[in-house]
Each structure stands twice: as structure tokens, then as C-alpha cells.
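Visitor: I would like to learn how to read salt bridges in a model. Can you walk me through some?

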Amino acid sequence: MPRKNPHVEEADENNLEVGKPKEWAAGIPGVYHSMQPALKHMGVGRAGKTLLGLNQKDGFDCMSCAWPDPGHRKTFEFCEQGAKAVTWEATPVVVPSEFWAANPVTELRERSEYWLGMQGRLTEPVYKPAGDDHYRPVSWDEAFSIIGSKLQGLDSPDQAAFYTSGRTSNEAAFLYQLFVRAYGTNNLPDCSNMCHESSGWAMGQTIGVGKATVSYDDFAKADLIIIMGQNPGSNHPRMLTALEDAKEAGCEIVAINPLPEAGLMRYKNPQKINGIVGRGTELADQYLQIRLGGDMALMQALSKRVLDAEAKRPGSVLDHEFLREHCEGLDELKAHLGSLQESTVLRATGLSSMEIDELAERYLRAGKVIITWAMGITQHKKAVPTIKEIINLLLLRGNIGKPGAGASPIRGHSNVQGDRTMGIWEQMPPAFLDSLANEFTFEPPREPGADAVETIRQMRDGGIKVFVAMGGNFVAAISDTHAAEAAVANTDMTVQISTKLNRSHAVTGEESLILPTLGRTEIDLQESGPQFVSVEDTVSAVHASEGKVKPVAPGLLSEVAIVTRLARATVDSRINADWAGFERNYDLIRDHISRVVAGCEDYNRRIRDWGGFVLPNGPRDSRTFHTPTGKAMLTVNELEYVERPAGTLILQTMRSHDQFNTTIYGHNDRYRGVKKGRDVVFVSPEDISELGLADGQYVDIHGVYGDGAERVIRKFRVVSYPTARGCAAAYYPEANVLVPLETVAEGSHTPVSKAVIVRLTPSPEPSPEPSPA
């Protein structure tokens, strides 16, 4: 039975507690923190159905990270974060109709992400008219009529933008982009614009594909895995099992990260005796606490050491056959790296030559190497050339296109990669648009549309007047929070397709609608019977996902149904598409996907194979590279690193352990020793002393930029933490305020959230008494 929302207490930051950071991840605490919320909020029956169906071949895909599934599934094929995500979505707590009259939008705006999410599942469409401060329930027909009329009344389709979250299924994403292009625009910003866009740009230009060139099984075959700019213990914990398997097979692991992360040091697998009563598995053989923004210099230094080793032992270091047959640019790279100064590398990285030499030796003796990275690499100004340098290092010794080796960007959201495959991109290539045109007998727009940052700019300047979001929490996820909120408030209408409340429902255009949707955990029953959807993980494996529990309330529509009804209210018969048929039977959607999307031929049959299928990948499968020359490109990139003016720090935004993206599950970050609050800034003890501050002191954090705008977050507690010198860290989305909208990665336009120059000043608020360690 649905339950009404409980009383939820906001966090009292004055009671925040700080203890010692952990040196290992998971174990019995991981089991407890997985099961306790599930049983408390869902009960035994619903918890059992959801958790035992999670990531199973006949179940549903986790709505959290995009980590791939092993071929052989365990009974408990989920992690702590996956269990939290399922609990958050499948809760029987619902938002009652009277909630909207009792809670004005201006008051919702003052609530935290945690409070909003804890109100429960959305179960009915609601509408906030212009000039009103309240949402009110409306019928589905009225909601679609309001949206359709608004979209049809715009002067140009480019006055609307259509955002997509990575949670959206392949079927819904394909229909969504079809609807948007039938409407007449390529304004299709998505969450990839804010996370792995840099990976796509760099890899597309160098090896011809913007996806990982490894499979799940490659991790256990590697001799060396280099993990850069990621925290798997909190963000994709199932990766720890793959790392444990690799370690037990003899692989060495190197972690490169400014912060010491428990999940990169030691893993206590709760499904093994050693993980329960023993020490677990030591993971990182070497841990390099690099200075923020120094990864490009480190990769160049490693490549230079490889080239120097080849010069000393000609013919014995580089993979000459691979380079000759499959690559271009070696001579230019040699010439460029020949002038690289070690002193520059050491300043940029904050590392010693001895540390870099040790990593180079590991790389040189390893026959099969995987380099894997996440947002700690992609959210920098020089993210694209940094990833190109990762590719350079891999190519020099032929570490692409052989078992146990390759490039592995780890996607942060469940189906963000599948959404892109299905056409969610503001600049899809001509071949895709040609196929779409042939399949549906219309001419899709060809001009590139607005990405996430450009969407905010155009909303600010009045160019985009309607914003529709398929999932996600755009206003909280994007950079420069105050500017983003002002831009959204400048629109005529915002529409959110959501399962639960978040900040984007409280920061609205003049008019606003919320359309509640089924969750991935829930049975999707349509006219032709129960439906399933499909998703693509971080290694290009595509598989089915089918909900296991009854919807939390009657009347909820699936994402597919919502998109088809939006299309019928807006474009209807403008193109040759059976919108009503798509809602009745998702096989009809997959038939079109099979003819439009390369690699998805015979989709309906292959998606029903046990475990699905894997999309083709030229570099991985056959060492073929779809670049202009047909070869992988070794590239020359001018080194640049982050300068830190005196009295400042380089700050990165990051997640706590009790959150997924902008969703806050709780107020603790137990691996980093923080409890009962989030307003903290992690700083090394040496930097605290140098800046004349004290551990536990309250400070205001000021963004240091020359554009005249004041960007500041106030009353954050300084936490002495063993991070790299000159670096600091704070949680997102709270710290997004400090990231200027115009500060983006070159080429990819990803917000630079991992290199924010800040100044800390004592807060006028009295500092608390230090909590016991």
C-alpha cells in the first residue's frame, strides 16, 4: 500500500561530526548500509523482489552507475549504492494531493535536496500556472494539452530545449530524440555534456570511437590497471569486485587521485570469508596523490620515459608492428616530448621523479594495460588533451585491441552511454540523421543544437523559452548555480518528467509542470502486455531491463508513454511514426532502432538473448580505427596545468558516500569520516597552517575569477584531510555555486568542476567545538 510522506528532519550542520577517514571499503558495514534502508523504507517483500532482481539477466538494470555485469551473476548482484538507489526509487511513500496546496514553490525552494527526495514518489501530473506559487493536480490530457499548445506557439523550435538524464532507457531515448527532431530542433542537452563529453571528443578524434575499448573480462586479464580520477568505493562499488579478481590473477593496480579513497586501498568483499573476518584484498600497489590538473603532465612524462627506454634498448619497448600498421604521428610525438622539462612535470603534478619512475617501470614490464578514468579527468579545462595523452601512452605499447588492455572511461550514470547511441546528442553525425530521415520520411534539422552550458546561456538571454527534462535534476547538476537558477526562471515554461521531487521542480519558468513516471523497478503493463526496455553499459553491452514490483500508484505512465503522448500533442502526424503503436508495444520501437542505429540490427531478437549483446567496437574488436586516415592518431598536445595564486587553493567538487549525482540519500560520508552534515571543505593540514586557519574552523569559500561576479558559499567547516598539497574538495551540488558557467573544457564544453580556484576566509559565524575523532 502507498504510504504518505513522513516527517523529515533537515540536517543541522552545527552538529556535524568529523572522525578519521577509513582505509578500506565495503565489508559488513556495506551490507548493513545496503539492507537497513531497504527493509526500513520498503519492507521485506518489496525489498526482496527489488534487490534480488537487481542486475539479474531476467531482472532490471540498476538505475545507479553504468558498471558492466559479469557473465556469471551472483544471487546478490548489487552494491551498497545500487541498493540505496533502488530503495530511493521503489519506496512506497508517495506525495499526497494535499501536499501541493500546503507547500508553495517558494518554500520548496528553501528545502534541501534530501528533504525534497524524502517526500516520496510523485503519482499525479501537477501544473503551476503563470503568476501562481503553487502546483495543482491536473489530468494527463490537460497536462499534454498545455505543453503541446506552448510548444506549437513558439516562434521557432529552437526556442525549446529537451534535456535527458542517463537513467532513460534506450527505447524512451530513441523516441525522445525522434520527437524532438520531428518538432524541428537539435537542442538535446544531456547529462553526458557534464560528465564524459571530454572522453567522447578525445577518443573520437584519436581512435574513432568515444567508448571503452575493453570488456568486463579484460580486467581479470590485465597485467596493470591504472585508475585515474575516480572513487569506485562510493560511485561504482561493483568495480571493486572486478579489481579484486584482477589482483588475485596477478595484476598490479595503481591509483592516481588527489584524495586517498578507501575503495582504492583495500576491499573487504562481503560475499567472501576474507571480506568478513579477514583483511580483505589490498588493491593499490602504488597510490599517487596528484595535484589537481596535473594528469596531463604525468601522462606526458610516462610517454617520454617509454620513448627514452626505447632509445636505450631499440626494438624492445615500443610495439613497432602495431605502430607501423595501425598508428600515425609517432615522429611528431617523439619530437614534442623530447623538449618536456622534468621540473615542469614535478610542479604540475606535485609528485616526485621517483614516484613517476616507479609507475613507468610498472608500465614497461606489463604486457597488458588498462587505463580507466572518470570525472576527475574529464572535468578540467585541458580534459580533452589529457585523455589524448592517455591514448598516446596506450598506443605506444599496443595496449588497445588485445585481451586485457585498453581505454576504459567509466560512465557515471546507468544508461548515459545508451542514450547517446540512440541519438541523444545535440550534434549527431550525418549518417545517423540520414538513417532517421529514411526511416521516418522527414528531414531532421542538421544544424548543431545547444548543449547543457549553451542551454543555460540561451535561457539567460531569452533565446530558449521552454525547457523539457526527461529525468535528472538539471538546475542542481549544472555549474554556476545562481546564474543557472536565474536562467531557468527566465523561461516561459519548464517541464520535468520525474519519479521524485528535486531542486529542478522548485526553480521553474513562469509556468511549470511535473509529469510523474514509472521507475525502472516497476512492472510496465501496456495494451499488448508487460513491456521491457533496454540499456547499454560502460563497455557497450546492451541488455534488457524489466521491472519486478507493482507500480507505487495507479495511473503512472512510463517514460515511453509520456514521450509518445507529448509527440501526439505536439507533432502528431508530421512524420511517419506510429506514436500510439509505440506506446502499446515497445517491439515496434526496437524494430525502428534496428534500422536506424548502427550495430543494432535485428535488435528484437538479440535483446532477448540471455544477457543481451555487445555493440561493435572497431578498436577493441579488430584494431580498426574510424578516423579520417583509418589509423589511430598519436597526438601532440601543449602542456598546460593549473596555476595557483598565492593564498588560494585548487578545489574539486565531488560526491559524498551517501549520494548519487544530485540525489542525497543521507548526511554521512563514512569513508571520509564525516557524519550529520555536508558543509565541509577538505584541506591538507599543511595548507591549513599555511593559510592561517584551523581544523574545524568555519570559513567562507570564494571563487577567484576576474569576471566581477561574486561566487561564495558560506559557513563551511574546514576538515583537515590528507589530500594533495594545494588542493581542496567540497561536495556537489552545494559547491557548484563556485564554478563559473563560462569555465568549460576546451572542445567538449564540460564544466570545469575539478579545478576551481578558491580563497578561504574566516566566517563571521563562531566555529564549533571540535568533535571527537
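Guide: We take the salt bridges pair by pair. Keep in mind that this is a predicted model.

Visitor: What counts as a salt bridge, and how many are there?

Guide: Look for a side-chain nitrogen of Lys or Arg within 4 Å of a carboxyl oxygen of Asp or Glu. By this rule the count is 46 salt bridges.

Visitor: Which residue does Arg136 pair with?

Guide: Glu142. The N to O distance is 3.6 Å. Arg136 is partly exposed, at 35% relative accessible area. Glu142 is also partly exposed, at 32%.

Visitor: Where do Lys247 and Asp285 sit in the chain?

Guide: Start with the contact. The closest N and O atoms of Lys247 and Asp285 are 3.5 Å apart. Lys247 belongs to helix α10 (residues 239–248), while Asp285 is in the loop between β11 and β12. The two are 38 residues apart, so this pair links distant parts of the chain. Asp285 is partly exposed, with a relative accessible area of 35%.

Visitor: Is Arg305 buried or exposed?

Guide: Buried means under 20% relative accessible area. Arg305 has 15%, so Arg305 is buried. Its salt-bridge partner Asp357 is partly exposed, at 32%. Their N to O distance is 2.7 Å. Asp357 lies in helix α17 and Arg305 in helix α13, so the bridge ties together parts 52 residues apart in sequence.

Visitor: Which residues are linked in a network of salt bridges?

Guide: One such network links Glu454, Arg457, Arg460, Asp461 and Glu742.

Methods:
Residues are numbered from 1 along each chain as its sequence is written. This is a predicted model: local features need pLDDT of at least 70, side-chain atom pairs count only at pLDDT 80 or more; totals for chains, interfaces and linings use all residues. Side-chain values use heavy atoms; hydrogens and water are left out. Buried means under 20% relative accessible area, exposed over 50%, partly exposed in between (1.4 Å probe, protein chains only). Helices (H or I, at least four residues) and strands (E, at least two) are DSSP runs, numbered from the N terminus.
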